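Trainee: Hi! Could you walk me through this one from the start?
Mentor: Happy to, let's look together.

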Amino acid sequence: ISPIGDVTVNHGTAQLFTCTPSQGFGIDTLSVDDVNVPNPTSPYTFNNVITNHSIVVSFIDNLAPIISNPTVTSITTNSAVIGWSVNEPATHRVNYGFSANPYNNFANSVLQTGNLSQSLTNLQPNQKYHYQIVATDQAGNITTSQDYTFDTLPSITIDTTPPQAITSLVVTSGATTPNSGTFTWTAPYQDAGDVNSGIVSS
């Protein structure tokens, strides 16, 4: 605020005060003689000054946080880690789901700044997930990122059924030497008892 401090004004004249916020801030409240001025703007002028007056101004952060460097790491069949950076202390929420309209899940984090991450769990395998990051600073300014996507890994089924036994294994007559031999056999099917399961490599 300028001028600042006690200001002497000639009786009956006017005095102008300029309230200039720093970059990224705006005027929050302007109080004149202990009464808040609605919709405060700068400058403010006292006209026809014939008594003492007071003027007090407060400023507020009006720049939303900046979200950058979104990443997805450690993707499994049912989990992933969302990473990002933010330039000022803020609380965060990661919205996610099968669709961006709307997201049907969210995960919150506490007031933080810098390089951040949020683990998402209980996901479904082999699915495309949408997500966005929402950051709210201490002044209530909100930034919402664009929509991003990632795919969870497909589930892996472990085959525990042994193949059928090899049958008709014979040594071809006359095809043996001291160092070699020729064998023939019938290749088994992959799963015992299932002739539709395909032939194994032999």
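Mentor: One definition before we begin: strands (E, at least two residues) and helices (H or I, at least four residues) are DSSP runs numbered from the N terminus, and two strands pair if DSSP finds at least two bridges between them. This is a predicted model, where local features need pLDDT of at least 70, side-chain atom pairs count only at pLDDT 80 or more, and totals for chains, interfaces and linings use all residues. Residues are numbered from 1 along each chain as its sequence is written, and side-chain values use heavy atoms, with hydrogens and water left out.

Trainee: Zooming out, how many helices and strands does the protein have?
Mentor: Zero helices and 15 strands. The radius of gyration, taken over C-alpha atoms, is 37 Å, well over the 17 Å that the globule rule gives for 202 residues, so the protein is more spread out than a compact globule. That rule is 2.2 Å times the number of residues to the power 0.38.

Trainee: And what box do the C-alpha atoms fill?
Mentor: Roughly 130 × 35 × 20 Å, taken along the principal axes.

Trainee: New topic: is Gln 15 buried or exposed?
Mentor: Gln 15, in strand S1 (residues 15–17), is buried, with a relative accessible area of 18%. Buried means under 20% relative accessible area, exposed over 50%, and partly exposed in between, using a 1.4 Å probe and protein chains only. Of the 202 residues of the protein, 26% count as buried.

Trainee: Which residues does Gln 15 touch?
Mentor: Leaving out residues up to four places away in sequence, Gln 15 touches Pro 3, Val 7, Val 9, Tyr 44, Thr 45 and Phe 46. Contact means heavy atoms within 4.5 Å.

Trainee: What about Asn 69, buried or exposed?
Mentor: Asn 69 is exposed, at a relative accessible area of 55%, and its place is in strand S6 (residues 67–73). With residues up to four places away in sequence not counted, Asn 69 touches Gly 83, Trp 84 and Ser 85.

Trainee: How far apart are Asn 69 and Gly 83?
Mentor: They are 14 residues apart in sequence and 7.6 Å apart in space, C-alpha to C-alpha.
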